[in-house]
Amino acid sequence: MGFEEDLKKLEKIIDDLHSEKISLEKSIEKFEDGVKLADHCLKTLDGMKKKIEVIAKAKDGKLKIKPFMEEAD
Amino acid sequence: MPKILTISELTRDLKEVLENIFQEVCVEGEISNLRLPGSGHMYFSLKDTQCALRCVLFKNAGVRLKFAPADGLSVVASGRIGVYGRDGTYQLYVNALEPKGTGALQLAFEQLKNRLAQEGLFDEGRKKALPFLPEAIGVVTSPTGAVIRDILQILERRFPQAHVVINPVRVQGEGAAVEIARAVGEFNAWGGVDVIILARGGGSLEDLWSFNEEVVARAIYASHIPVVSAVGHETDYTIADFVADKRAPTPSAAAEMVMPSRAELDERIGHLVRHLWRSLADVVPQHSQHIDDLSDRMRRALVNIFEEKRIQLDGFCRELEALNPLAILRRGYSVTMRQDGAKALRSVRGMSAGERIRTRFADGSCVSRVEEIVDEPAGRRKR
């Protein structure tokens, strides 16, 4: 599931929690869903790793991905 | 009398003279009667108000043209004059053609732009949205120089954990356009990135030309992965910019466009989480309020029920009071029972003289003996 969708869902949950009609059970359920979503979003961000790579073409035409070292001009 | 020549001899002489003198000519005129047969050669006339000159542009010269010749276009043609003996004509063999007024590149740019626009390559409707948080960013650019450095620097600042894959290409010169187009295709075939930046630093129209070539436009159009173009300076527009899903004014701006700021994201999530807790904190009192309301109502309802029952009970009590036999006794009546007191006597029948009976008054009872039984018909009246 997309990061942006998660954020949108989280916003929706907060809106729902502010609605007058929601039952206590439902609001606790939603709150728990919200906590899970926020946790998931943060995990996604924390799971991202810095990687700078460059595509090198092998002789057989296949692509090889190598770490990028900036060359001098 | 001059010597009589054959047509071929005269033609050969004319050819020698003309082709010798007009080995290199530059001539300006307006293109008319342009014909493009399947051979790939191009035939047209150049004319001014009085005269016309037949021209031919062979395929090998034609492919070098940046723009497309068209009837009515004013051009400067250079080449040599040749005699075409079979038809008895002379013509200009064009080896270079330049539009007059605007430069060839400028014209080529306009022509390609119009053609691709008509074909729908620039339609807003088919432009893809950029991913909100790309997992990997593909960059098609030169692996050396300021452009890639700027992009990496901006990404480092905005989102240090970004994943970048560079597909190195030449960004100007012969063959650069094909390399750029191929690089876009490679990213699509590989599928390891979810957004592509096409970038090049500033330069002249000639320097940026690769990004105005059709092969690049087609590659961008065919890309399933969203493409951001960032070519030249803010004021430079290339064909790639028009086809791309998003145009960034500069390579740095492209980096900012594709990657959200980590700090802002953290802030946004933090804000949402605080909001979430606050909502729960709001919800519970709201519900306890509700519970209070309910218990209040319940209490009131109970009070009402009690009240109602009490009134009902009072009624019953009064009714009971009315029926209380003691009350009757208090009014002066008495009840007669056998001595054992087990049963009230309702009739003299079954009583016998000498029997002991008990009489119950309001305030006590007495025991007496029956002296005589008097059968009174008045008793029957009750029946």
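The model is predicted: local features need pLDDT of at least 70, side-chain atom pairs count only at pLDDT 80 or more, and totals for chains, interfaces and linings use all residues. Residues are numbered from 1 along each chain as its sequence is written, while chains are lettered from A and ligands numbered from 1 in the order in which they are written. Helices (H or I, at least four residues) and strands (E, at least two) are DSSP runs, numbered from the N terminus.

**Chains A and B**
- Contact joins 32 residues of chain A to 30 residues of chain B; two residues are in contact if their C-beta atoms, placed from the backbone, lie within 7 Å.
- On the side of chain A that touches chain B, H2(A) gives the most, with nine residues.
- That side has 19 nonpolar, four polar and nine charged residues. Ala, Val, Leu, Ile, Met, Phe, Trp, Tyr, Cys and Pro count as nonpolar, Asp, Glu, Lys and Arg as charged, and the others, Gly among them, as polar.
- S1(A) pairs with S7(B) in the parallel sense, over four bridges; pairing requires at least two DSSP bridges between the strands.
- Ile52(A) stands opposite Val164(B) in S7(B).

**Barrel of chain B**
- Five strands of chain B close into a barrel, in the order S1-S2-S3-S5-S4, with mixed pairing.
- From one strand to the next, the twist averages 55°. Axes are lines fitted to C-alpha atoms, for helices over the stretch in contact, and angles run from 0 to 180 degrees between N-to-C directions.
- Strands S3 (52-57) and S5 (89-99) of chain B run parallel, joined by three bridges.
- Val56(B) stands opposite Tyr93(B) in S5(B).
- Helix H1 (7-21) of chain B lies across S4 (74-84) and S5 of chain B, at about 140° to S4(B).

**Helices H5 and H6 of chain B**
- The axes of H5(B) and H6(B) (residues 214-222) come within 8 Å and cross at roughly 10°.
- That makes H5(B) roughly parallel to H6(B), a label for angles under 35 degrees.
- The residues of this contact divide into nine nonpolar, one polar and one charged.

**Val169(B)**
- Val169(B) lies in the loop between strand S7 (163-168) and helix H5 (176-190) of chain B.
- Val169(B) is buried, because 24 other C-beta atoms lie within 10 Å; the cut-off for buried is 20 or more.
- Beyond four places in sequence, its contacts include Val140(B), Ser142(B) and Ile180(B).
- Val169(B) and Ala183(B) are 14 residues apart in sequence and 7.4 Å apart in space, C-alpha to C-alpha.

Conventions: A residue is buried if 20 or more other C-beta atoms lie within 10 Å of its own, exposed if 12 or fewer, and partly exposed in between; C-beta atoms are placed from the backbone. Angles under 35 degrees count as roughly parallel, over 145 as roughly antiparallel, 65 to 115 as roughly perpendicular and the rest as oblique.
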